[in-house]
Amino acid sequence: MLEKHSTWYVILIAVSAGMAGLLYGFDTAVISGAIGYLQELYDLSPAMEGWVISCVMIGGVIGVVTSGFLSDRYGRKNIMMVAAILFIISALGSAFATSVAMLVWARIIGGFGIGFASALSVTYISECAPPAIRGRLGSLYQLFTIIGICATFYINYSVANSGSYAWGLEEGWRWMLGYGTIPGIIFLVLLFFIPESPRYLIKKGRDSEAYQTLKQISGEKIAKKESQQIKASLDTEQSGSAKELLKPGLRMAMGVGIFLALFNQVIGMNAVTYYGPDIFRSVGFEKNTEFLATSIIGSVQVVFTIIALLLIDKLGRKKLMAIGSSLMAIFMVLIGSIFYFEPANSGPLLVIFVAGFTAAFCVSMGPIPWIMIPEIFPNHLRGKAVGIATMFLWGANWAIGQFTPILINNMGGAFTFWMFAVINVICFTFVMTIVPETKNKSLEEIAEMWKPNKKIGKEEVRKGLASTRG
């Protein structure tokens, strides 16, 4: 049991690092408000519209690929500070862009920052948090992401109502994008008040610094035990080449990590987030009510992410993902049916179905992959492995941003959302068959689970997975 002062110190650390989610949430949501104006201002085709939205993921992929290697060399905290600075530069560059090319380059720079932050924030939290509350603290990244999305939807709605449509076409979208400096500055300032990851410090031979941090987090007795466990884990393993992730056991862990990263994106939530106003406009919303409908969805995200925060260390990761993916499949079928049958006055019904899908996402495949991906890898490979998994996440994010408008334009809304329903069924199947439960396990215990012992190899890993099911 943590002492009171230790609990507040852990929360301070987790909140400060979790604020990286504000960056990701803001960038995810703000473009949905600006893209309508940009499409008309620059006469964007569906493919170019997708590129303006998805170009940030190019920087994001590069950011996450390099984040593990850079953080292993320079520290988690320092690279997160670089991420904040890059995001501030991006927000200013986007606001003052004088062409589509300039806007695209500014968003790619922001992608670097978000890529660094998304890969390292939960990694940092998981390396600092005690096992009993690691899930809840790790969920803070997703909570701040959702708060960022929700707040940005309301910012977009407010800016859209601040002047005429002509004003929005010339100036309003610049204000939307420029507000990104605020989460960037908040994140940068908070990072000055947190320590470096104790696991990183021990890896670099700075044992006394790591011990002091662990002592502040968990107290002297637990700090000694955790320090010994971390050193033992690092001493018995090689220094850590990415090639190790292809070895038996770790290969399975890498597969699970990639699966979680992909399905965090391809199940359809970002299609709603990026193109929410356009989707609601297509069923009759007008006069900025499409922005209001999207803001309502953002509020649902906040409420159900908080619920996930309370449930994740009680019900477990696996059960929540199974329930959530099955519900998301049902709601995607219903959403697609609205576009197929095109009933009159279907707008309110669409809001209800999208809200249901959003709620299911926010208690399952929204926060949980961000928590589990850093959890499932051993200390010496965590930075590299998380970077690789998050690269797949950002790649999938790019595909959703790039191709959703093309799919809706060429194939129709019904086909597009039914496709997402099938993907959610696949997600449910994979959760039930290959994803382990990590609730209440220390990072060192989880790392042991992947080791093929004796001569059993893959069968040993399979038994370890089976013991966590249900």
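Which residues have the most contacts inside the largest nonpolar core? Select Leu38, Phe187, Ile335 and Leu350: they have the most contacts inside this core of 139 residues. A nonpolar core is a set of buried Ala, Val, Leu, Ile, Met, Phe, Trp, Tyr and Cys residues joined through side-chain atoms within 4.5 Å. Buried means under 20% relative accessible area, exposed over 50%, partly exposed in between (1.4 Å probe, protein chains only).

This is a predicted model: local features need pLDDT of at least 70, side-chain atom pairs count only at pLDDT 80 or more, and totals for chains, interfaces and linings use all residues. Numbering starts from 1 along each chain as its sequence is written, and side-chain values use heavy atoms, without hydrogens and water.

Helices are DSSP runs (H or I, at least four residues), numbered from the N terminus.

Zoom in on Phe187. Setting aside residues up to four places away in sequence, Phe187 touches Ser16, Ala17, Met19, Ala20, Leu23, Met80, Ala84 and Ala117. Contact means heavy atoms within 4.5 Å.

Now pick Ile202, Leu214, Ala223 and Ile230. They are among the eight residues of a second, separate core.

Move to Gly347, in helix 16 (residues 347-362). Gly347 is buried, at 5% relative accessible area. Beyond its neighbours within four places in sequence, Gly347 contacts Val283 and Phe285.

Definitions and conventions. Helices (H or I, at least four residues) and strands (E, at least two) are DSSP runs, numbered from the N terminus.
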